[in-house]
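Please read them with the model open beside you.

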Amino acid sequence: MRSKIPSFIMIPSLLSVIIFMFYVFFVSYNHIYYLVHPITIFFFIMITALLYVLESINNLIYKRKLQFLSKEERIKIFKENEGNYFYRLYKFIFYDLKKINHDGVKKIDHGFDGIIELDNKLPMWWVHLFYLTIVFSAIYFFSYLLIDFSNPYKEYDIAYKDQLKKIEIFEKNTPQVTIENACFKENLVNRGKVLFEENCATCHQSDGSGNIGPNLTDDYWINKKEKDLFKNIFYVIWNGSDNNPTMRAFGLSGEIKGNDIEKISSYVYFINQKSKKPLRGKDPQGIKITEWSKI
Ligand code: HEC
């Protein structure tokens, strides 16, 4: 008969295996909060109680079995169970290591090459780790085959939908900037530049020097709809141009949202007013306006 593992080790270990299985089979990775759901907690409390009852029954059986053993055997078991459990565990796991090279280790004779191999026992900690990996791989294998756990495509799908939902909620809850409250913000320039390169550079060049569309870095403007330069830029991006539909209404059509138009406008304003002009640009179009507030 083997010595007993104390219940304060047994119950938590069994419980953690059950929780792990529960996590793998019932909880998808983005619903991890189910683990702390009241029903789940109640379920785990019940399991703990059940484990405790089983442990007590097991203890009773163990004691009863002891009675049927001979005196010597009983004394042997009592001796084995003496002292601290952790020390016994340590001995059990590392004992064989110490035995190596001491007593008569089995030898394997290859015969043909004259090499004699020592057939040492594998250390216990190694063997148990190996068993553990087998158990883990079995759980993992079946969960991978049967359910969505750790399936990268499913995980990607869930994460992707989750992100889309979050973006949707974010956009619903954050009011978009309109021409009334938009203003130049220097900290938006860099993000505006990225958006400008994505949406506008084909016609205006990424430095704004002009291509199909006019040069946005000079003081000549075809469209003047607002008294303020920044608002004028915002206006044109939002409403497009009346004279030339090639410059379409990015804002009105919903293609670009107000917040992003504020960023792009900040970039356009920045390259027009605050940064060095590109060396070469498209020839001036429209009328020269230098002092916007006076028109
Ligand atoms: C398909 C080509 C095209 C794209 C894309 C385009 N534009 Fe234009 N844009 C033009 C043309 C053409 C004009 C001249 C319109 C006119 O004659 O009134 C113009 C005019 C403008 C003006 C007014 C210039 C002035 O002198 O009145 C601004 C500001 C402007 N675009 C900014 C942008 C921004 C910002 C984007 C990106 C969100 C963008 N454009 C995308 C073709 C384009």
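1. The ligand sits in the second largest pocket, where a pocket is an open set of points on a 1 Å grid over the protein atoms alone, with protein on both sides within 12 Å along at least five of seven lines, and a molecule sits in a pocket if more than half of its atoms lie within 2 Å of its grid points. The elements that give two or more residues to the shell around the ligand are α7 (189-199), α8 (201-204), β3 (220-221) and α9 (229-239); helices (H or I, at least four residues) and strands (E, at least two) are DSSP runs, numbered from the N terminus.

2. As to provenance, this is a predicted model, in which local features need pLDDT of at least 70 and side-chain atom pairs count only at pLDDT 80 or more, while totals for chains, interfaces and linings use all residues. Residues are numbered from 1 along each chain as its sequence is written, and side-chain values use heavy atoms, with hydrogens and water left out.

3. Among the 23 residues around the ligand, those that come nearest are Cys200, Cys203, His204, Ser241 and Met247, a residue being near if one of its heavy atoms lies within 4 Å of the molecule. By class, the shell has 15 nonpolar, eight polar and no charged residues; here Ala, Val, Leu, Ile, Met, Phe, Trp, Tyr, Cys and Pro count as nonpolar, Asp, Glu, Lys and Arg as charged, and the others, Gly among them, as polar.

4. Which atoms of the protein lie 2.5 Å, 2.8 Å and 2.9 Å from an oxygen atom of the ligand? A polar side-chain atom of Ser241 lies at 2.5 Å, a backbone N or O atom of Asn223 at 2.8 Å, and a backbone N or O atom of Ile222 at 2.9 Å.

5. Helix α10 (residues 258-273) has 16 residues, which at 1.5 Å a residue should span 22 Å, and this agrees with its end C-alpha atoms, which are 22 Å apart; the expected span is 1.5 Å times one less than the number of residues. Since 12 of its 16 residues are buried, α10 is largely enclosed by the rest of the structure, buried meaning under 20% relative accessible area, exposed over 50%, and partly exposed in between (1.4 Å probe, protein chains only). The buried residues of α10 include Gly258, Ile261, Tyr267 and Asn272.

6. Lys263, which is found in helix α10, counts as buried at 16% relative accessibility. Lys263 and Pro284 are 21 residues apart in sequence and, C-alpha to C-alpha, 25 Å apart in space.

7. Glu262, one of the buried residues of α10, is 85 residues from Val177 in sequence, with 7.1 Å between the two in space, C-alpha to C-alpha. Val177 is found in the loop between α6 (152-173) and α7, and is buried, with a relative accessible area of 13%.

8. Gln205 has a positive phi of about 70 degrees although it is not a glycine, and is partly exposed, with a relative accessible area of 35%. Most residues other than glycine have a negative phi.

9. In helix α5 (residues 124-146) we find Ser143, which is buried, with a relative accessible area of 0%. A polar atom of the side chain of Ser143 lies 2.8 Å from the backbone oxygen of Tyr140.

Terms used:
Polar contact = N/O pair within 3.5 Å; in protein donor to acceptor, adjacent residues only side chain to side chain. 1 Å grid on protein atoms, 1.4 Å probe; cavity = no way out; pocket = protein on both sides within 12 Å on 5 of 7 lines; lining within 4 Å.
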